[in-house]
Amino acid sequence: MSFYIALWLGKIVNAMINIIDKNRGSDYTGKIARKICPKFLLGFKDIDYEKVLFITGTNGKSSTNNLVNHLLKSGGKTVVSNLEGANLMTGIMTAFIKAASVTGKIKTDFFVFEVDERYLRAIHEQFPAGNILVTNIQKDQVQRNGDPDFIYRKLFPICKKNVRLFLNNDEPRALSFSSHNKNYVTYGVSKHSEAFTKDKSFPSMPCPVCGHSIRFRYFNNDNVGKFQCTGCDYKSNEAADYQVEEADFDEQKFMLKGISFNMPYSVPFMVYNYAAAIAAAKEFAGIRIEDMVSAFDNFQNIGGRYEALTYKSKTIKYIRMKQENPDTFQTSINNITHDTSEKMICLGLGPITDITPHYTNTFYTYDCDLARLADCNAEKYLCFSEPVCYDVTNRLIYAGVPPEKITTIPTDDIDTLLHEIDKTHTDNIYLITLLKTFDAIKQKLSG
Amino acid sequence: MKPKINIAVLFNDIFNLHGDRGNIAALKRMLEQGQVCANIEYIDFSTEAFDPEHFDIIYCGPGELSYFQPVKNWLEPHKNALEEFIQKGKILLVTGTSLSLFGGITLRTEGHALEGLHIISSGFREREYVYGGDLYYTAVYNHVEMEIYGSQIRMTDQITGLSANEQAFGHIIYGSSCKGTPGKEGVIINNSIFTNTLGPLLVLNPWLTKEMINVALKNKGESFRIEEPDISLEQKSLEAKKRFASKAYAQQPQAL
């Protein structure tokens with residue numbers, strides 16, 4: 001009975017939220033339902049779990065979830081999902097409340113959910129998806145995730161179970177689940193024009209099989225690329241089951257199984273999401289690859305990482321960063337340095353304030369190769385945000401940036417920041433900072 | 001002829017979780033600015049002849065507990081040489097989780113025990129939940145009192161106290177300490193430091209870097225001392241972070 005009370009109350013509250021603001025409440029009703037019925041998801045009957053896909057991992061969950069949804073819907077399928085990005089238990093409960101009838105029935109072809117990697121086990125206990133797609137397992141939010149192995153151990157009990165896995169062929173930790181569960185499909189990307197290498201002073205990672213060091217032949221994304229263990233025969237397959245080839249970021253095209261696709265977003269980190277989504281749409285939903293081509297022409301990612309603002313004659317190109325995540329920071333830096341025109345680079349990394357105690361971690365920047373920042377035609381560098389701006393300035397100096405080109409302002413004050421931007425000759429401004437700081441700038445500029 | 005300092009970096013490829021490579025960059029920069037040669041060697045499973053005696057400074061950054069066993073097996077034959085290295089007053093710097101590697105027993109959450117090298121006496125217990133935060137403490141190194149500011153990501157708790165020949169490296173002003181050593185941070189034996197302060201500790205605290213280099217030069221019999229480096233940026237950073245810590249403590253004392 002508690003299931004129905006939770007469902008009905010959730011639906012009433014949802015209806016009220018919809019009257020106030022349809023964009024709110026991505027997990028609110030799930031919170032209510034969970035209080036009333038902690039095992040709420042178990043109450044939904046007649047679910048075919050082979051039609052359920054969970055997308056988990058460190059980076060790329062949301063984009064892959066968006067694209068899988070888009071491919072399935074473009075293929076005429078109905079999907080229940082959490083596209084609002086609420087990827088904890090309560091977000092998924094909310095999606096169920098919205099999709100279910102008052103009798104608790106859900107009519108849909110497929111369920112596709114982005115699931116936070118730390119909560120995969122708990123969610124899978126209530127809703128045992130038959131398919132799990134792992135994007136990658138990387139350093140991220142170390143204050144709560146510690147190290148990648150901490151997350152690996154959370155995923156392992158589920159990934160070794162009787163589920164079908166979709167695994168990144170070029171990411172050692174994710175691919176290693178294939179040693180424990182033979183029901184898997186791989187996806188990957190051939191070496192592309194923006195692949196890079198790093199010198200020996202940069203870390204690699206331990207082999208998930210034997211603990212020796214992994215050597216990458218190249219990186220397509222940070223810590224993702226063709227790899228081989230130095231201590232055992234563990235390595236990426238020469239080609240994945242679904243392999244993106246000839247990724248051309250200028251022409252914005254790629255090939256997969258001999259079929260040409262347009263790239264809706266021509267940035268390296270998205271290419272793995274394309275491969276993953278195509279693999280899932282084909283294997284999980286039975287959509288023919290050639291039928292997916294047109295869907296790539298009109299895909300719009302929700303909540304993307306890039307946004308541009310006009311400020312007087314200047315264009316401020318904002319790149320949203322995930323704090324404590326060296327891989328996305330490296331990707332952001334690579335994106336800036338690929339622009340060879342004159343530019344100003346603003347870095348407002350800020351302290352970490354997600355959970356207590358707040359702290360001043362900027363050490364993930366030392367995992368990144370910032371040397372190319374020193375030689376990327378930057379007129380000026382601006383480091384802002386007390387209390388970490390001096391550490392970020394120092395990081396740039398360690399990367400070889402001339403100190404006289406760096407301005408350091410220990411504040412998040414938007415007027416001061418804009419005043420510094422005003423002083424530059426170039427109109428090409430790159431900004432890496434927290435979303436809340438960017439929102440404050442946006443609000444200021446919109447009057 | 002310029003003096004030369006030999007630095008070994010243990011398992012840089014896999015024990016380098018939190019930007020710890022910054023420590024080597026800091027040593028290299030200060031040595032080169034001080035007209036001292038920095039010879040850096042990366043030691044890993046492929047190294048055929050590792051002789052600690054050859055080095056002036058050995059650094060081991062934090063690694064993932066699950067991968068300690070093969071590294072411990074590799075280091076085990078060098079345990080006596082590493083102990084001798086410490087006894088001679090040379091510098092072994094161990095940070096973060098790798099305290100467990102050089103310590104006694106670490107109890108894993110899965111129930112089994114991980115045996116360390118027993119170079120320090122501390123025992124550890126793996127945490128169910130990660131603890132991360134800043135650490136601000138006073139320390140004395142090479143007879144110089146200094147303030148250290150850094151961050152910690154604790155995957156384990158030190159659950160035993162220090163032995164008679166060990167001293168705490170720091171006395172905490174702000175931040176959380178381990179249950180076994182309340183109010184204290186890390187271990188120092190002669191000139192070797194074992195600390196939870198991880199990441200680019202030597203970048204953020206160049207006063208410690210400078211004294212480490214002075215100790216290394218003195219150990220080599222060099223009368224040379226490096227010139228006073230320009231640390232104005234790091235001093236501003238320290239002051240800004242002290243203000244931050246003070247505010248954070250006022251708002252969330254229960255978090256520590």
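In this predicted model, the area buried between chain B and chain A (accessible area, 1.4 Å probe, lost by the two parts on being put together and summed over both) is about 4300 Å², with carbon and sulfur atoms giving 57%. Of the area that chain B buries against chain A, 16% comes from Asp13(B), Arg21(B) and Tyr67(B), more than from any other three residues.

| Property of the chain B and chain A contact | Value |
|---|---|
| Residues in contact (heavy atoms within 4.5 Å) | 51 residues from chain B, 47 residues from chain A |
| Salt bridges (side-chain nitrogen of Lys or Arg within 4 Å of a carboxyl oxygen of Asp or Glu) | seven salt bridges |

One salt bridge joins the side chains of Arg215(A) and Asp13(B), at 2.4 Å from N to O.

Within chain B, strand S4 (residues 91–95) runs parallel to strand S12 (residues 192–195), and three bridges join them; Leu93(B) is opposite Ile193(B) in S12(B).

Residues are numbered from 1 along each chain as its sequence is written, and chains are lettered from A and ligands numbered from 1 in the order in which they are written. Local features need pLDDT of at least 70 and side-chain atom pairs pLDDT 80 or more, while totals for chains, interfaces and linings use all residues, and side-chain values use heavy atoms, leaving out hydrogens and water.

Technical notes. Two strands pair if DSSP finds at least two bridges between them. Helices (H or I, at least four residues) and strands (E, at least two) are DSSP runs, numbered from the N terminus.
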